[in-house]
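Please read this briefing beside the sequence and the coordinates. It takes up helix packing, then aromatic pairs, then charges over rings.

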Amino acid sequence: MPLNKLIQDGDNQDLTQERFKATFDTDELAAVFNGGEDRLQRIREVRDELTKRGHLFDALPAAHRTRAERMEDVSRKVRNSAQGFQMTRKMKSDFFEFASLYSEYETNFFIHNFLRFLHPSNYSLLKNLMENVSDFADFTNNADMLIITRDVMGIEGFPLALHNLMFVPTIQNQADDEQQEWWLMDALQGKIIGTYAQTELGHGTNLSAIETTATYDKSTEEFIIHTPTTTATKWWPGGLGTSCTHVILVANLIIDSKNHGLHPFFVPIRDRNSYSSMPGVRVGDIGTKMGVNCVDNGFLAFDNYRIPRRNMLMKHSKVSKEGVYTAPSHPKVGYTTMLYMRSEMITHQAYYLAMAMIISIRYSAVRRQGEIKPGTQEVQILDYQTQQYRLFPGLARCFAFMTAATTVRQMTESCIKELSHGNSDVLADLHALSCGLKAVVTHQSSQSIDQARQGCGGHGYSDASYLPTLYTCSVGACTYEGENMVMLLQLSKYLMKAAAKAEEGAVMAPLVAYLAKSDPIENGDKYGKLLNHFEHVARHRVMHAYRQMIEEEKQGIERDYAFANHSVDWTKAARAHTKLFIARGFVKKVQEVSNEAVRDVLNTLAELYLSYELIEMSSDLTTNGYLPETEVQQIRHQVYDSMRKIRPNAVSIVDSFDICDRELRSVLGRRDGHVYDNLYKWAQMSPLNQKNLPHVEKYLKPMTSKL
């Protein structure tokens, strides 16, 4: 039996020949990528059940529909889905039993995927969706929920994404027990729909400048929510435009004219029956965006709007009836929702990138263009070294990023467990790491996806490829949940403190212990040698930025200004530190794989990842004579050698991501490789191919008929 399990009769001949070249079992690598054999098997079982229910999927591609049509369809699907499922008393009891058995992180992950399923969007879910899948799907099983949402709904977003990702987890993490009894089940059942409103028109990442106020009135035991300026208008929250009835509002807590800083509040903004905005609330949609236009991002402002005292989330901070304020045990204890969100973002980015690699590498095996030697047969574009250089580093990043996502998810879960016991020791370390991972992974994922799009030529620019959608979904994450440059600077502040400790000879946290080391005399084995290079680059960048800053301080420049004067160097240091973390994790993961053939393939991918990333930082390797140019050239040749080794297995590697055609939604990335006939069929579905089009009848035909 062939090692590649996707070979079928009638497929494109070139693609079939590629699959016969596999040197490893694709099911074995699929298990590694997807989190184990049991999870892979469950994913396939759920997918098979969905295949039997063809009515759950749209016949018309989303690209052939207007935003208004999509939004109307979204609203219909939300309503039908809600009608198709009502949580019984027993299910409520089961849920709270589930929540008591698992960590907050695990419960939030369940809630996230549960609600993504409950409120689907862009791809038509017909009436009673829940009834169609409840006989085979387990709502507490992450694999079930993920495969259903990806397969049935796709990745383009839906109005209730923030309800799932931030509104419900914030209630879980920051509301006290009584508040959770009031609000959590209503949120789970879709009786209330919420989002997370923090960013304002005038300020996003600079949270200290947020203007919205929540002033406590002791006489009525209420908070007065107010938007004092136009720039204080909440701007961008997903689902706020038309869908939400409530928000978690981040506002400045004011008691007796004293500002206690930002705190979260549970705020109703629309009547649940009429959907009219509440008196004193101004809310609406902000319009179209570069992508993800089935999410109705909105604006929100308040005119001295009153809410009860107990609508402030009080698990960590409290305000008594008398107006006595109790601060949280740790100033960053409210970051748990953000940490959860970022760990999810990294996973999603790895998944988007994997989809792009499937599409571009399969298409590159099918597409023949040009001749290496004039007069010979046209070659597969995957045979060009330039094409491999465009695609294969992104392929390696898929595994590196998915490994990083798994690691940071485990760290986040552990941190939240520790916080529940009053231990916040690792919170600062994890927050800094999440900032760096968010910035590096989103930037490099979107960069690699765009290279995949360009590598597919003109057809990659077509929505039929799905690559434009993948790019806009990925690149948007470079901005939301913290603009990337600001994220790098936040990590830089952490590294600045670590550098000071290294200079003092103090005890270092494990993530930054390398700063106190010297460059090794012996470089160790293959991986040890390359990881030492990563450590050198990170250490050199961090300590260089720190020492430059200290020199300015000695000249009388205040630290804040000295830091700002070297912020470019600090962001470079933050990137290098983050890449070191990713590289270490990838190597560790590869070394844990027991299947020799799979491990050989992953070894080659890891060698490519490490070598490629080092060459991207090659100027740091020769600075101060750390490496001679000849050794840097050896690393560069390692990139090319790794690409050559990957080439025969490239199609089988992307096949191992185990993403079916329905999830992929790409004509270019079809499993069977029959691209051209299906591109033609896809084009025929365009609404512009109908007869008697208004723009032709009204304007063009009258012009030409007079000639």
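The notes below are grouped by topic.

This is a predicted model, in which local features need pLDDT of at least 70 and side-chain atom pairs count only at pLDDT 80 or more, while totals for chains, interfaces and linings use all residues. Residues are numbered from 1 along each chain as its sequence is written, and side-chain values use heavy atoms, with hydrogens and water left out.

**Helix packing**
- Helix 13 (residues 427-455) packs with helix 16 (residues 484-504) at an angle of about 145°, their axes being 8 Å apart (axes are lines fitted to C-alpha atoms over the stretch in contact, and angles run from 0 to 180 degrees between N-to-C directions; helices are DSSP runs of H or I, at least four residues, numbered from the N terminus).

**Aromatic pairs**
- The count comes to 14 aromatic pairs (rings of Phe, Tyr and Trp, the last by its six-membered ring, with centres within 6.5 Å; planes under 30 degrees apart count as stacked, over 60 as edge-to-face and the rest as tilted).
- One of them joins tyrosine 389 and tyrosine 640 in a tilted arrangement, 6.4 Å centre to centre with 50° between the planes.
- This pair links distant parts of the chain, since tyrosine 389 lies in helix 12 (residues 385-420) and tyrosine 640 in helix 22 (residues 629-646), 251 residues apart.
- Phe167, Trp182, Trp183 and Phe266 are linked into a cluster by ring pairs.

**Charges over rings**
- Lysine 493 lies over the face of phenylalanine 563, 4.9 Å from the ring centre (NZ of Lys or CZ of Arg within 6 Å of the ring centre and within 35 degrees of the ring normal).
- The charged end of lysine 526 sits over the ring of tyrosine 527, at 4.9 Å from its centre.

Technical notes. Helices (H or I, at least four residues) and strands (E, at least two) are DSSP runs, numbered from the N terminus.
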